[in-house]
Amino acid sequence: MTHIPTLTTDRLLLRGHTLDDFDEFLELWKHKEIVRFIGGEMPTREQVWARLLRYAGLWHHLGFGFFAVEERQSGRLIGEVGFLDLHRDMTPMTEGTLEAGWGITPPMQGKGYATEAMNAAIAWADKQFAGRRMTCIVDVENLPSLRVAEKIGFRRIDELMLKDRSNAIFER
């Protein structure tokens, strides 16, 4: 398995997911606000388990993936941020890019955690994958995530339909 770095910010710890995170990870994905803009359907326990395992596979095969985000003061898992490459069947394609994504549990949203965590992840990725294109896809109705994308240096380049929803595609 590829070494998953641990990143720290003033308030957060970004680290690899562990199997021990499953219950907290499952709770994160039970929030309707988390899934509302990424397909709209609540994942099953099995789907959340598969997501957790997919993250390990991303790190192993691609050298990047998603970080579990802990609030340093409480030690609680409050979300996840990172990069993926899903080989999505869409145009324009993001295949081969570091596709950024983030999700913070709704009770912790609005405190700048997504921006803080993504800035740390981007700084790490810029060193590890210098010059590699970064993208992100954000539902056009997800105003908080649209603001995060802009704050972390992404610029809107196109729009596409994904899972029957209009999404903006950004690059950095």
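Helix α3 has 18 residues, and at 1.5 Å a residue they should span 26 Å. Its end C-alpha atoms are 26 Å apart, which agrees. The expected span is 1.5 Å times one less than the number of residues. Helices (H or I, at least four residues) and strands (E, at least two) are DSSP runs, numbered from the N terminus.

This is a predicted model, in which local features need pLDDT of at least 70 and side-chain atom pairs count only at pLDDT 80 or more, while totals for chains, interfaces and linings use all residues. Residues are numbered from 1 along each chain as its sequence is written, and side-chain values use heavy atoms, with hydrogens and water left out.

Which residues of α3 are buried? They are Val48, Leu52, Tyr55, Leu58 and Trp59. These residues cover an arc of only 110° around the axis, so they sit on the same side of α3. The arc is that of the directions from the helix axis to the C-beta atoms. Buried means under 20% relative accessible area, exposed means over 50%, and partly exposed lies in between (1.4 Å probe, protein chains only).

What covers the buried residues of α3? The cover includes α1, β3 (66-71), β4 (77-84) and α4 (113-128). The face turned away from the buried side carries the exposed residues Glu46 and His61. After α3 comes glycine 63, whose phi is positive, near 80°.

Tryptophan 49 also belongs to α3, which runs over residues 45-62. Tryptophan 49 counts as partly exposed because its relative accessibility is 34%. Together with Leu19 and Leu53, Trp49 makes a nonpolar surface patch of about 290 Å². Patches are made of residues with over 30% relative accessible area and no salt bridge; like charges are joined within 9 Å, and nonpolar side chains (Val, Leu, Ile, Met, Phe, Trp, Tyr) within 5 Å. Accessible areas come from the Shrake-Rupley method with a 1.4 Å probe, and for residues only the protein chains shown count as cover.

## Helix α4

Now for α4, one of the elements that cover α3. Its 16 residues should span 22 Å at 1.5 Å a residue. The end C-alpha atoms of α4 are 23 Å apart, which agrees. The buried residues of α4 include Tyr113, Met118, Ile122 and Trp124. Glu116 is also among them.

## Glutamate 24 in α1

Glutamate 24 lies in helix α1, residues 22-28. Leaving out residues up to four places away in sequence, glutamate 24 touches Arg76 and Leu77. Contact means heavy atoms within 4.5 Å. Threonine 8 is 16 residues from glutamate 24 in sequence, and their C-alpha atoms are 20 Å apart in space.

## Salt bridges

How many salt bridges does a search of the whole structure find? It finds 11. A salt bridge is a side-chain nitrogen of Lys or Arg within 4 Å of a carboxyl oxygen of Asp or Glu. Three of these pairs are listed here.

| Pair | N to O distance |
|---|---|
| Arginine 15 and glutamate 70 | 2.6 Å |
| Glutamate 27 and lysine 30 | 3.6 Å |
| Glutamate 159 and arginine 156 | 2.5 Å |

Arginine 15 and glutamate 70 meet in a salt bridge. That pair links distant parts of the chain: arginine 15 is in strand β2 (residues 12-15), glutamate 70 is in strand β3, and they are 55 residues apart. Both residues, arginine 15 and glutamate 70, are buried.

Glutamate 27 is partly exposed, with a relative accessible area of 46%. Lysine 30 is partly exposed, with a relative accessible area of 46%. Glutamate 159 is partly exposed at 41%, and arginine 156 is partly exposed at 43%. Salt bridges that share partners also join Arg15, Asp21 and Glu70 into one network.

Where is threonine 135? Its place is in strand β6, residues 134-139. Threonine 135 is buried, with a relative accessible area of 0%. Beyond its neighbours within four places in sequence, threonine 135 is in contact with residues including Thr94, Leu98, Phe154 and Phe170.

Histidine 87 sits in the loop between β4 and β5 (98-104). At 51% relative accessibility, histidine 87 counts as exposed. Phi of histidine 87 is near 50°, a positive value in a residue other than glycine.
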